[in-house]
Amino acid sequence: MAEKNNRHPFWLIAFIVIATVVGSIFIIVQEINRPERYDSKVATEIAKKNTDLKKVDRVTRFVYNQVEYTVSGTKANGNSIFVVLTDNGKKATVYDQTAGVSEQKAIASVQSDPNLKKITSSRFGIIKNKPVWMVSYINQKDRLVTKTINFKTGEELKTITTY
């Protein structure tokens, strides 16, 4: 009978340890993602306040020399736009999505690279007052490659490869 009583504390302690670890991981993941969720919410509010944006499709963070947020969505008349927020949300620049290369075309121009292994991201933003697509991918040597593509012309402006 003494042996049976010893089994219960082991299972109880094991359960408590497992619950604590799982709970801690959940809390850590929530805390890590909180700033991004908050930034997306604030960017959406600013974009809606400064434009006639009605439906938001996506919010992305664009980092070059400064942090920008791009809110893509549709206006009340159905036109698709990008709203690029700079200067901590003080400046909102609007681009009609049909005025340049689509995200799919920017990605397609990168997919022609024979060294492409996996596309990791594509983001719309502004570099030196020009709207651009920044498409990142992993090449066959497992290096990160970032290509900057001119939004208006589709021309590749710059390629950066990490070591």
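Are Phe124 and Trp133 buried or exposed? Both Phe124 and Trp133 are buried, where buried denotes under 20% relative accessible area, exposed over 50%, and partly exposed the range in between (1.4 Å probe, protein chains only). The model is predicted, so local features need pLDDT of at least 70 and side-chain atom pairs count only at pLDDT 80 or more, whereas totals for chains, interfaces and linings use all residues. Residues are numbered from 1 along each chain as its sequence is written, and side-chain values use heavy atoms, with hydrogens and water left out.

**Aromatic pairs**

- The structure holds eight aromatic pairs; rings of Phe, Tyr and Trp (its six-membered ring) pair if their centres lie within 6.5 Å, and planes under 30 degrees apart count as stacked, over 60 as edge-to-face and the rest as tilted.
- One of these pairs joins Tyr95 and Phe151, whose ring centres are 6.5 Å apart and whose planes stand at 70°, so the pair is edge-to-face.
- Tyr95 belongs to strand S4 (residues 91–96) and Phe151 to the loop between strand S7 (144–150) and strand S8 (156–161), so the pair ties together parts that are 56 residues apart in sequence.
- Helices (H or I, at least four residues) and strands (E, at least two) are DSSP runs, numbered from the N terminus.
- Tyr95 and Phe151 are both buried.
- Phe124 and Trp133 form an aromatic pair that is also edge-to-face, with 5.3 Å from centre to centre and 70° between the planes.
- One aromatic cluster comprises Phe82, Tyr95, Phe124, Trp133 and Phe151.

**Sheet**

- Four strands form an open sheet in the order S5-S6-S7-S8, with antiparallel pairing; two strands pair if DSSP finds at least two bridges between them.
- Strand S5 (116–127) and S8 are the edge strands, each with a single partner strand, so one side of each has no neighbour in the sheet.
- From one strand to the next, the twist averages 20°; axes are lines fitted to C-alpha atoms, for helices over the stretch in contact, and angles run from 0 to 180 degrees between N-to-C directions.
- Strand S6 (residues 130–139) and S7 run antiparallel and are joined by seven bridges.
- Ile138 has Leu144 in S7 as its bridge partner.

**Loop residues with positive phi**

- Most residues other than glycine have a negative phi.
- Asn129 is not a glycine, yet has a positive phi of about 65°.
- Asn129 sits in the loop between S5 and S6 and counts as exposed, at 71% relative accessibility.
- Asp142, also a residue other than glycine, has a positive phi near 60°.
- Asp142 lies in the loop between S6 and S7 and is exposed, with a relative accessible area of 52%.
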